[in-house]
Amino acid sequence: MEKATKDHAALAEAFNRDEEHVNWHDGALWWIRQKRDIAAKNIPEWEQLRETASRIKSNVLANLHDYLLEFEANLTKNGVTVHWAADAEEHNRIVYSILKAKEITQMIKSKSMLTEECHLNEYLIERGIDVINSDLGEYIQQLDNEPPSHIVLPCIHKRKEEIGEIFHEHLGTEKGVSDPTTLTRFARWHLRDAFISRRAALTGVNFAVAETGEYVVCTNEGNADMGAHLSDIQIASMGIEKIIPKKEHLGVFLRLLARSATGQPITIYSSHFKKPRPGQEMHLVLVDLGRSRQLGRPDFRDSLKCIKCGACMNTCPVYRKSGGLSYHNTISGPIGAILAPNLDMKRHADLPFASTLCGSCSNVCPVKINIHDQLYQWRQVIVQEGYAANTKVLGMKAMAWTLSSPGSYSTIGRAGRWVLNNIPFAVNNKFNPWYKQREMPDGPKESFGEWYAKNQGDNGSEKV
Amino acid sequence: MSTRESILAAVLKNQPPASPLPDLSFLKGNRQNLVSTYQAVFTSIGGNVFVVDDLAAVNARLLENFDPTKRLVTTLPDLGEPFEVLSKMANPRTFNDVELAVIEAQLAVAENGAVWLPEHRMGQRIIPYICQHLAVVVRAETIVPTLHEAYAQIGPGDYGFGAFIGGPSKTADIEQALVMGAHGPITMTVFILQ
Ligand code: SF4
């Protein structure tokens, strides 16, 4: 489903054709960012909470081997069957074999970015198993045969009229109905039947507590619980980085998660699953899928601290203006751009360049990942490995040469200012991709270097 | 080597040097005005809150709003007629017609409005999700300032399932317009017993 043929810039350009739509998208996400700010300011110790969360996650990364063993032992003690999967194929095969053993042909799924990464739905459908995504946003995306564009708000890039049309086409609602309450009620009624009739349910995992073997799933809709508590077979899929050491750490992460994500004080449902119901089977699949490799990259391992709140997307000027699907990766936005090159550097070579490096992502991240530094560091790695697009390589080589020789720096700067002030169209042309959708500023009359020389005496004292 | 062994070996090889766990003792909430803080927060989430003296008052208030000919269930035998005391043995799918469920929380959190419900308080795990409307009784003295105090009280817990629930089911997936009752209850009412 992911389109690898076009890069971020090309996909963003397509998204930008509808200006009114882009402005709406930009504003909607900024509004969520503002709600996050208000929620954060209500907690006086917010910054200490972020620091604490980040340090708990540092401890997790340093002891992941032992915590995984502890978690596994407690799961087993609680009556949950544990599976290990190295990659997407193995994960999908495990889920399929659990269903096949019970002759189950229909499953209901709550939000799980990991199973999106694994393309589980496609795998199961090919083998005759019907899967419904029950989170409303993901359900809409599934009907429209598109992946989610945002990890918290899967269909934020769609207008209500488009959604009304999708419901009309696939579910037979009246044409032209686009009222959010009416559409939501219709989905509620439609999916109720699926919840009641399906024997297998799969959920994601937000936090997995090594100390107790329980795992926590956070939703606002209650869809994970509707699926899980009505199922005979409950499956949870999680990346190995989702472990936290102790139950008391949940207090730290649950205070941060929803406030960072949407500005809510807590998600409506924070469900702690520990043991199966009498007569029910519970399975948990621990998935590596590149995590252990990322753990071995000192510059990038902190990306594994991510709690998938989406705040870095909501705040990112590039994300807001280009839409999640332009990242052509399951996890989009700034965090997606530092996770994806680990999975496939060639295919995702464009993503670390889809950033202004303004640092807003790192400033809002509840676990203090240095996202913008990692974006910059990935650029170095990608150029060294020879995966950068040619225009970017030339630009970076010219930049490196300029910065390494002060003489050429001042000459080129002077020339550049002269060009900007005298023949702006030489910069503003279609051969300069940076100029697209940008107004170039008027060139300053003199550089800081020139100003400084004019205003300083030879001995460096200020002229008066 | 099995997948399990190879993942564990890769993790062991790649994990960074030791990093100690931070101290959490500074994380404490304010114990003042817990009832009024809880009320303000829960109302802002879209929930309803009433402070009452006893279960008879809960019963009376609920019957003003709910049709007694519909299925009204509870885990609290003292709530009285016409509430059906729900069976722990029934198939969870048989609760799909429940209009209102009334259960009692172990504690509530002032800072975020959530109530803590281990499964024995739910009657069955599905109850607080499958009902059209949810009512939860909270004893005033069980309200704690933040999640830190809540987890300190919950401890390891001997439940198979437990949940924080902080309001009616909601979604804003369609154009960020807030809609109550995505899949779970359309309304949630908390009765603070004092
Ligand atoms: S990187 Fe940080 S801000 Fe972005 S989704 Fe992950 S936790 Fe949230």
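At roughly what angle do the axes of helix 9 and helix 10 of chain A cross? I looked this up first, in what is a predicted model.

**Entry: two helices of chain A**

I took helix 9 as residues 160–171 and helix 10 as residues 180–197. Their axes cross at roughly 35° and come within 11 Å. I noted both values because two packed helices are described by the angle between their axes and the distance between the axes. The crossing of helix 9 past helix 10 in chain A is left-handed.

Next I listed the residues that make the contact. Helix 9 of chain A brings Lys160(A), Ile163(A), Gly164(A), Phe167(A) and Leu171(A). From helix 10 of chain A come Pro180(A), Leu183(A), Phe186(A), Ala187(A) and His190(A). I sorted this contact by class and got seven nonpolar, two polar and one charged residues.

**Entry: the ligand**

Where does the ligand sit? I found it in the second largest cavity. I then looked at what surrounds the ligand, and the shell has 13 residues. The closest are Cys306(A), Cys309(A), Gly310(A), Cys312(A) and Cys365(A). By class, the shell holds 11 nonpolar residues, one polar and one charged.

**Entry: backbone details**

I checked a peptide bond in chain B. The bond from Glu81(B) to Pro82(B) is cis, and its omega is near -5°. I placed Pro82(B) in the loop between strand 2 (71–74) and strand 3 (84–85) of chain B.

Which helices lie on either side of His119(A)? I traced His119(A) to the loop between helix 6 (113–118) and helix 7 (120–126) of chain A.

Technical notes:
Residues numbered from 1 in each chain as written. Chains lettered and ligands numbered in written order. Predicted model: local features only at pLDDT ≥ 70, side-chain atom pairs only at ≥ 80, totals over all residues. Heavy atoms only, no water. Axes fitted to C-alpha atoms, helices over the stretch in contact; angles between N-to-C directions. Helix = DSSP H or I, 4+ residues; strand = E, 2+ residues; numbered from the N terminus. Left-handed = near helix turned anticlockwise from the far one by under 90°. Contact = heavy atoms within 4.5 Å. Nonpolar A, V, L, I, M, F, W, Y, C, P; charged D, E, K, R; others polar. Near = heavy atom within 4 Å. 1 Å grid on protein atoms, 1.4 Å probe; cavity = no way out; pocket = protein on both sides within 12 Å on 5 of 7 lines; lining within 4 Å. Sits in = over half its atoms within 2 Å of the grid points.
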